[in-house]
Amino acid sequence: MTKKLFITATGTDVGKTYLTALLVKKLRQAGRNAGYYKAALSGAKRRGTRLILGDAEYVKRQAGLKRAAEELVSYIYETAVSPHLAAELEENPVELSKVKTDFQRICGIFDYVTAEGSGGILCPVRRNLLMMEDIIKALDCPILIVAPAELGTINHTILTIEYARSREMEVKGVILNWFHKGNAMEEDNLRFIEEYTGVPVIACAEENARDLEIEPERLAALYR
């Protein structure tokens with residue numbers, strides 16, 4: 001049985017793709033057959049007749065994946081907006097049935113699959129029909145939340161955790177990004193999140209980190 005984990009975040013541009021790449025890379029370096037999947041990718045850059053899939057290309061390159069980036073993503077949009085609006089503008093709406101089929105195909109290739117969301121847990125994917133939480137549930141994945149270590153993260157992180165719990169999603173942990181060791185506020189953010197929610201901060205990533213300080217066995221145990 002393939003083990004799965006869904007990476008979501010407290011918002012947009014908090015380093016979700018960067019940390020997803022580090023997670024997949026760590027598993028692969030530990031000898032595990034680990035792969036990647038993304039349901040909807042917006043903001044792809046056109047180079048001639050080819051679209052460059054930024055997030056997927058980055059994870060593929062950093063983690064050493066041999067599959068073409070196009071195999072790892074279900075829906076690709078050029079417009080750099082939320083997936084629901086990009087889909088409307090480009091007249092290519094996300095179908096949950098395709099997402100589930102593509103994800104199962106990826107699960108047939110890899111033993112550990114890290115699925116990356118778009119934006120946060122309530123990112124709209126198809127207007128009035130599909131939110132990111134619906135994809136998480138359809139793929140039956142536990143979640144790992146990426147949050148910035150900065151001021152305000154206590155509120156954003158706890159709101160995300162409590163919303164996920166209210167929707168009966170399993171929260172495995174939090175990763176704090178752009179963390180500065182010895183910074184009193186950021187150290188307190190870490191402690192407060194753990195104490196208030198009971199959810200562990202499984203790793204803290206400094207800016208431009210090349211690795212995550214978590215044992216591969218502990219990381220693998222987060223997948224279900």
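The legends below describe close-up views of a predicted model. Local features are given where pLDDT is at least 70, side-chain atom pairs count only at pLDDT 80 or more, and totals for chains, interfaces and linings use all residues. Residues are numbered from 1 along each chain as its sequence is written, and side-chain values use heavy atoms, with hydrogens and water left out.

**View 1. The open parallel sheet.** The sheet is formed by 7 strands in the order β5-β2-β6-β1-β9-β10-β11, with parallel pairing; strands (E, at least two residues) and helices (H or I, at least four residues) are DSSP runs numbered from the N terminus, and two strands pair if DSSP finds at least two bridges between them. At the edges lie β5 (73-76) and β11 (201-205), each of which pairs on one side only. From one strand to the next the twist averages 25 degrees, where axes are lines fitted to C-alpha atoms, for helices over the stretch in contact, and angles run from 0 to 180 degrees between N-to-C directions.

**View 2. The pairing of β9 with β10.** Strand β9 (residues 143-148) pairs with strand β10 (residues 171-177) in the parallel sense over 6 bridges. Within this pairing, A147 has L176 in β10 as its bridge partner.

**View 3. Helices α4 and α6 across the sheet.** Helix α4 (residues 96-107) lies across β1 (3-9), β2 (34-41), β5 and β6 (112-116), and runs at about 165 degrees to β2. Helix α6 (residues 153-166) lies across β1, β9 and β10, and runs at about 165 degrees to β9.

**View 4. The buried side of α6.** The buried residues of α6 are T153, T157, I158, T160, I161 and A164, buried meaning under 20% relative accessible area, exposed over 50% and partly exposed in between (1.4 Å probe, protein chains only). They lie on the same side of α6 because they cover an arc of only 160 degrees around the axis, the arc being that of the directions from the helix axis to the C-beta atoms. These buried residues pack against β1, β9, β10 and α7 (184-197), contact meaning heavy atoms within 4.5 Å. The face turned away from the buried side of α6 carries the exposed residues L159 and S166.

View 5. Just after α6, E168 takes a positive phi of about 60 degrees. D13, in the loop between β1 and α1 (16-29), has a positive phi near 60 degrees although it is a residue other than glycine, and D13 is exposed, with a relative accessible area of 69%. D140, in the loop between α5 (132-139) and β9, is likewise not a glycine and has a positive phi of about 55 degrees; D140 counts as partly exposed at 43% relative accessibility.
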